[in-house]
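Here is my note on the model, as a set of numbered points. Please read each one with the coordinates open.

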Amino acid sequence: MKTRRIAHLLISVVMMIGCLPVMAQADRNYVRSGNKLYRQQKYAQAETEYRKALDKNSNNTQAMYNLGCALLMQQKDSSAIALLEKAGKAETAKKRKAMAYHNIGVICQNHQLYSQAIEAYKESLRNNPSDNQTRYNLALCKRQMKNQKGGGNKNQKKQEQKQKNKDKKQNKQQKQQSSPQKAEEKMSKDNAEQLLNAAIQEEKATQQRMKKQQQSAQRRRLQKNW
């Protein structure tokens, strides 16, 4: 199944409402400038503009969220999570809060931090229960975490089987090494028996020759004496 972990990267364009103080207008203008650069995929320049907005107004949650997205697109994941968490806690609009936690979930899921990703997705759904993409990501993340644990058990079993095969091989080698010794012992025993039998036969043959010689000498003596 194809993975569809999609981050909510829609950048909110702030509308100027009424007559605002110059300071408030400045941070919002920086946000607008950052949004323009972001749409042009100039994420580093957009980051600079969002930071300028936060310098003017550190409580601007849209600047926090958009800066987190810009950092995410630059693969500055740790910094992105920090900004998105800050935006998620400070934001009062539920859908924007949900988007911040959704993106945190995506980052954690990409790094196989499934427990953290699941918690982030759950928080996102608490604030926006109708977000099907977050619900899909949550289900996928749970499956991935289950597979990860199952894979760990499989690896453990694989290592155990590997060790068993190694032990079995060593035992076989030891048996093979001991076999020539046993064979040599058997050969030595057989040779000893053969040598003993040969010695007995030789002794019998010697005794028979000596007996014949004695008989022959006696016959010769008798004949001589005759």
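1. Basis. This is a predicted model, in which local features need pLDDT of at least 70, side-chain atom pairs count only at pLDDT 80 or more, and totals for chains, interfaces and linings use all residues. Residues are numbered from 1 along each chain as its sequence is written, and side-chain values use heavy atoms, with hydrogens and water left out.

2. Fold. The chain has seven helices and zero strands. In sequence order the pattern reads α-α-α-α-α-α-α. Helices here are DSSP runs of H or I with at least four residues, strands are runs of E with at least two, and both are numbered from the N terminus.

3. Burial and surface. The chain has 226 residues, and 31% of them count as buried. Buried means under 20% relative accessible area, exposed means over 50%, and partly exposed lies in between (1.4 Å probe, protein chains only). The accessible surface of the chain is about 16,100 Å². Carbon and sulfur atoms account for 50% of that surface. Areas come from the Shrake-Rupley method with a 1.4 Å probe; for residues, only the protein chains shown count as cover.

4. Contact range. Take the contacts between residues at least 6 apart in sequence: 53% of them join residues at least 24 apart. A contact means heavy atoms within 4.5 Å.

5. Cavity. How many cavities of 30 Å³ or more does the whole structure hold? The search finds one. A cavity is a set of points, on a 1 Å grid over the protein atoms alone, where a 1.4 Å probe fits but cannot get out; lining residues have an atom within 4 Å of a point. Grid points are joined across faces, edges and corners, and the volume is the space filled by probe spheres set on the points.

6. Lining. Twelve residues line the largest cavity, and Thr61, Gln62, Tyr65, Glu91 and Arg96 lie nearest its centre. Helices α3 (61-73), α4 (77-90) and α5 (94-110) each supply at least two lining residues. By class, the lining has four nonpolar, five polar and three charged residues. Here Ala, Val, Leu, Ile, Met, Phe, Trp, Tyr, Cys and Pro count as nonpolar, Asp, Glu, Lys and Arg as charged, and the others, Gly among them, as polar.

7. Helix α3. This helix is mostly covered, with twelve of its 13 residues buried. The buried set includes Thr61, Gln62 and Tyr65, which also lie nearest the centre of the largest cavity. From first C-alpha to last, α3 reaches 18 Å, close to the 18 Å expected at 1.5 Å a residue. The expected span is 1.5 Å times one less than the number of residues.

8. Glutamine 75 sits in the loop between α3 and α4. Its phi is positive, about 65°, although it is not a glycine. Glutamine 75 counts as exposed, at 69% relative accessibility.

9. Of the 17 residues of α5, 13 are buried. The end C-alpha atoms of α5 are 24 Å apart, in agreement with the 24 Å that its 17 residues should span. Just after α5 comes glutamine 112, with a positive phi of about 60°. Glutamine 112 belongs to the loop between α5 and α6 (114-127). At 48% relative accessible area, glutamine 112 is partly exposed.

10. Helix α6. Its 14 residues reach 20 Å from first C-alpha to last, close to the expected 20 Å. Among its buried residues are Tyr114, Ile118, Tyr121 and Leu125.

11. Is serine 124 buried or exposed? Serine 124 counts as buried, at 0% relative accessibility. Leaving out residues up to four places away in sequence, serine 124 touches Ala98, Tyr101, His102 and Thr134. Serine 115 is also placed in α6, and is partly exposed at 43% relative accessibility.

12. Helix α2. Aspartate 55 is found in α2 (residues 43-56). Aspartate 55 is exposed, with a relative accessible area of 68%. Aspartate 55 and aspartate 27 are 28 residues apart in sequence and 7.8 Å apart in space, C-alpha to C-alpha.

Definitions and conventions. 1 Å grid on protein atoms, 1.4 Å probe; cavity = no way out; pocket = protein on both sides within 12 Å on 5 of 7 lines; lining within 4 Å.
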